[in-house]
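Please look through the sequence and the 3D structure below before reading on. The briefing that follows takes up a few topics one after another.

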Amino acid sequence: MFKPSLLSSAIAAAALAFGPTAIAQGADQEEVTEELVVTGIRASLSKAIDIKRDKIEVVESIVAEDIGKFPDNNVVEALQRVPGIQVTDRASGEVNAISIRGLTDVTTTINGRQIYISNGRFYTLADTPASLLSRVDVYKTRSADKVPSGIAGQIDVHTQRPFNFDESRVVLAARGIYQDQAEEWGPNVSALFSNRWDTGIGEIGALVNLAYSEAHFRDQAITSGAAFPYYTDAPEGDGHMPYARIASGWTPGLEQGLPFNAGSTLLVDGVEEEYILARDAMFASDFSGERERPAANISIQWAPNDSSEYMFEAFYNGYRQQSMNSLYFNFVDSNANIDYNDPVLLYEGTNIVKERTIYGANGFNSGDASTGKTDSFVYALGGKWDITDTFQLEAEAYTQSSVFESEFLAVRMDRQYYGMHVDFNSGDGVPGMEIFDDPTTSIDESDLLMPSQYTLSTSWDNGARDEGTANTLRVDADWQFEFAGFNELSFGVLYESRDTNSASRGATLNSPGTPVEDLPVGFLTATTGFFDGRADFPEAWAIADGDWLFSNRDYVRELYGYYDPETGEPVDEYLAGGNYLQLEKTFEATETTADAYIQANFEYDVAGGIIDGQVGVRYTTAETDMTVYARDTANEELVVSEAVNSSDKVLPSLVVRYNFLEDWMLRFAYTETIRRPDFASLNPFITYNRDVTDIGYGTASGGNPDLEPVTSKNMDLSLEYYFGDGNAMYATLFRRDIEGIVYGSLSEIYYDYPDDDEGPYRHILSLPDNSSNGVLEGIELGLVYFPDNLPDVLDGLGVQASYTALQSSQDLPIYDDETGDLTGYQESEMFGVSDSSYSIVGAYEKDAFSARLSYVWRDAFRQRNEAALFANPLPIYRRPETSMDFQFSYNVTDDFVVTFDATNLTDEKYQEYYEYEDVYNFYSGIYSRTYALGVRYSF
């Protein structure tokens with residue numbers, strides 16, 4: 001693996017090696033114009049290569065093979081084959097998380113417009129049905145005229161417009177997608193209608209594109225809980241019980257966790273005690289549901305003459321999801337009724353428990369039902385004018401609104417077990433569990449479907465509504481001229497005003513203690529066939545039915561005593577802060593952004609080729625006024641907090657390209673990008689909590705209205721070779737220096753509780769802060785190749801391949817837990833960054849047939865940190881992830897196409913672990929394979 005100093009040297013050396021003097025020895029560049037007529041997969045890849053070659057920035061593209069048919073179930077699945085793109089999280093039946101060169105801070109735009117979901121800063125790419133798209137551009141570097149947010153890059157989604165077609169066009173498509181874990185089909189339908197007319201007032205085009213998709217999903221996972229230290233079977237100190245949890249004398253949340261060498265000791269109550277490390281819980285999750293995505297795009301274009309054009313667009317996308325999580329949870333650290341004939345089994349050479357038998361264990365089953373709904377609208381009106389032959393003006397105003405609403409209702413059932421045997425790693429990181437019966441009774445404790453074994457426990461009833469609106473105006477101008485090699489000047493301004501707000505409600509309803517067997521028919525359902533029989537774990541258990549809970553919510557509330565039986569009104573216990581059924585505003589903000597940019601293009605003929613490029617600068621400023629409404633934890637009174645956050649940045653950019661030897665290009669780019677803080681992280685309200693564990697201080701937490709934007713300084717150097725008909729190979733070295741990464745900070749603060757006369761109370765305050773910096777660098781390689789002169793049976797065979805190697809480091813601040821003082825920094829790899837990843841795609845087109853088989857792999861990566869409360873290592877890693885997908889189409893006629901698609905063919909497990917996967921496995925999950933049959937008709 002390369003080192004930072006080597007990469008920096010490589011960039012400098014390559015820039016010198018391929019500079020004007022060196023390249024002057026090459027052949028003169030000739031203008032070569034070739035018309036290539038191809039269709040299907042090869043056509044889409046060829047178009048993507050043309051875009052990459054023509055764009056001034058470093059760009060990768062995915063182009064639809066035909067109108068209405070994007071090559072994958074969703075856009076994120078398609079992008080995973082692009083060099084430098086890595087995807088994560090195949091939950092809920094689809095790939096839905098994306099990173100560019102290891103960074104997840106990606107800005108998504110629709111036709112160049114920055115779009116937001118509710119009160120967030122970004123758009124969920126997976127929410128737009130792929131059938132609405134014509135192409136997607138991934139900008140790894142950006143010129144000054146692009147939006148500056150998103151330090152990872154920008155993904156620009158292009159929808160269809162009527163002037164894209166020479167004449168009228170109708171495309172009808174339908175697919176049925178089968179999810180094998182859910183064992184259900186979901187429809188995916190779309191329709192496109194487009195036409196253009198010559199009229200007395202000029203040419204007019206109109207397009208309507210509609211789409212609807214529905215998916216059923218089921219995700220299943222088994223997790224071994226976090227670790228704590230426990231006494232051995234023979235503790236030394238008085239009052240130290242065998243196998244009891246050690247409550248003091250150790251520091252939680254260490255990067256490497258507590259030492260796990262065999263015989264390791266802790267000083268507890270003045271006694272040197274040998275300890276073992278064991279998990280506190282083992283639990284399973286069976287998450288299933290149904291998701292719908294309606295979407296529509298309307299585009300009207302009017303060209304009254306050759307020098308002007310006007311456009312109106314309306315874009316809608318919706319999201320509907322109803323889901324149910326069946327949570328089967330067991331505490332596996334009981335030391336009650338210990339049978340010393342069943343000792344714990346440790347991993348060899350360690351003090352970490354691999355297997356143990358537990359008696360008197362407690363557990364619960366929680367049926368967690370939720371709904372989510374999003375409606376997002378964008379309306380745009382714009383025009384472009386050729387003012388003169390050398391001056392063009394373009395302007396657009398657009399408005400958008402987005403609302404997200406959610407509901408959550410959960411009911412928990414408690415139970416106790418006589419005994420169980422657990423194996424925290426029964427094979428390949430998957431935990432195992434076996435329940436056994438009490439020999440003194442006839443109860444079949446392993447029958448987890450028996451209602452008589454459960455007692456009704458706590459319930460949660462929550463809801464939320466997030467809303468955001470934005471109004472944006474942008475004006476751009478281009479002026480062509482000739483002066484000292486410069487040939488075009490572009491400049492423009494953007495002004496945007498955003499309003500966001502959030503409201504929520506919630507209650508935790510106390511347990512009525514009702515036996516579950518006394519509840520109405522329909523309250524219970526069963527989780528069955530869990531984990532496909534791929535684990536030594538219970539395969540079925542009883543659970544509260546989520547659909548029944550939502551349909552009978554009033555009954556559930558009455559059961560839990562929320563309503564007074566005599567008056568029918570909510571009882572006082574749940575009225576702190578108002579009726580919990582009513583949403584209460586928690587946050588509102590207004591943000592104004594103003595940007596201005598200027599950039600100039602240049603071109604020089606030199607010996608051996610042409611040097612061209614672009615230099616520019618963008619100034620961006622923003623001010624956020626926010627108000628937070630929160631309940632004081634001491635007296636439940638409503639507290640209103642206000643704050644202002646402002647920032648301004650100057651972001652330079654430079655791109656230089658060297659075209660030489662006809663088909664070779666050397667490209668260098670220096671750019672700067674930013675990420676403004678999320679609204680939630682700016683929250684000025686501080687929550688105070690008293691000392692309840694006698695540590696000598698309370699704790700406090702909140703947001704930080706003084707957060708600055710995260711800034712990334714980016715360098716890219718690529719060497720690209722374009723050959724034959726739509727073939728290319730390229731390599732890119734890159735580096736990102738990221739300053740001001742938001743990370744948790746600690747400080748000391750004093751607070752007077754209104755119900756306490758003892759004076760200021762000392763707290764350790766936890767806030768987000770721009771307290772970390774990082775470096776990411778790497779190399780990416782790409783190849784698209786359809787060889788010529790193959791034997792007839794192989795003619796049409798091609799390959800698309802990519803490889804990315806990354807190296808990252810981040811300085812994480814270290815604070816003294818007792819004083820809040822900054823004591824130093826610890827270097828760590830960045831979250832979400834795999835050292836290497838690659839994809840290989842084999843494509844074949846022959847006559848009416850086309851097929852593609854793709855394989856994608858990414859290395860293990862640090863996903864996140866665990867809460868700093870436990871004895872296991874702090875970082876949580878993902879094991880290497882792979883995916884194999886297949887696509888096939890057959891053109892029955894020129895207008896009628898039949899398709900078959902399949903994803904996750906190898907039926908992978910997705911797993912996480914704490915630092916050391918052999919002894920600290922954590923999570924194991926299985927997701928659906930999908931199979932899809934479709935037809936498409938166009939005329």
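**Briefing on the predicted model**

Ala 700 stands opposite Leu 765 in β34, a name that follows from counting strands from the N terminus, where helices (H or I, at least four residues) and strands (E, at least two) are DSSP runs. The model is predicted, and local features need pLDDT of at least 70, side-chain atom pairs count only at pLDDT 80 or more, while totals for chains, interfaces and linings use all residues. Residues are numbered from 1 along each chain as its sequence is written, and side-chain values use heavy atoms, with hydrogens and water left out.

**Strands around β34**

- β31 pairs with β34 in the parallel sense over four bridges, where two strands are said to pair if DSSP finds at least two bridges between them.
- β33 and β34 run antiparallel and are joined by 21 bridges, and Ala 728 has Val 784 in β34 as its bridge partner.
- β34 is also joined to β35 by 12 bridges, with the two strands running antiparallel, and here Leu 781 stands opposite Tyr 803 in β35.

**The second largest pocket**

- The second largest pocket has a volume of about 1500 Å³; a pocket is an open set of points on a 1 Å grid over the protein atoms alone, where a 1.4 Å probe fits, with protein on both sides within 12 Å along at least five of seven lines.
- Its volume is the space filled by probe spheres set on the points, which are joined across faces, edges and corners.
- The second largest pocket is lined by 41 residues, and those that lie nearest its centre are Pro 252, Gly 253, Leu 746, Asp 817 and Ala 868, a lining residue being one with an atom within 4 Å of a point.
- At least two residues of this lining come from each of β31 (698-702), β33 (727-751), β34 (761-785), β35 (797-815) and β39 (861-865).
- The lining divides into 21 nonpolar, 12 polar and eight charged residues, where Ala, Val, Leu, Ile, Met, Phe, Trp, Tyr, Cys and Pro count as nonpolar, Asp, Glu, Lys and Arg as charged, and the others, Gly among them, as polar.

**An open sheet of four strands**

- An open sheet of four strands has the order β16-β17-β20-β21, with antiparallel pairing.
- Its edge strands, each pairing on one side only, are β16 (345-346) and β21 (432-436).
- Strand β20 (residues 419-423) pairs with β21 in the antiparallel sense over five bridges, and the bridge partner of His 421 in β21 is Glu 434.

**Helix α3**

- Helix α3 (residues 40-54) has 15 residues, which at 1.5 Å a residue should span 21 Å, and its end C-alpha atoms are 21 Å apart, which agrees; the expected span is 1.5 Å times one less than the number of residues.
- Since 11 of the 15 residues of α3 are buried, the helix is largely enclosed by the rest of the structure, where buried means under 20% relative accessible area, exposed over 50%, and partly exposed in between (1.4 Å probe, protein chains only).
- The buried residues of α3 include Arg 42 and Lys 52.

**Residues in loops**

- Ser 92, in the loop between β2 (85-88) and β3 (97-100), is buried with a relative accessible area of 13%.
- Not counting residues up to four places away in sequence, Ser 92 touches Phe 217, Asp 219, Phe 287 and Arg 291, contact meaning heavy atoms within 4.5 Å.
- Arg 101, in the loop between β3 and β4 (106-110), has phi near 55 degrees, a positive value in a residue other than glycine, and is buried at a relative accessible area of 2%.
- Asp 847, in the loop between β37 (836-846) and β38 (849-858), has a positive phi near 55 degrees and counts as exposed at 76% relative accessibility.
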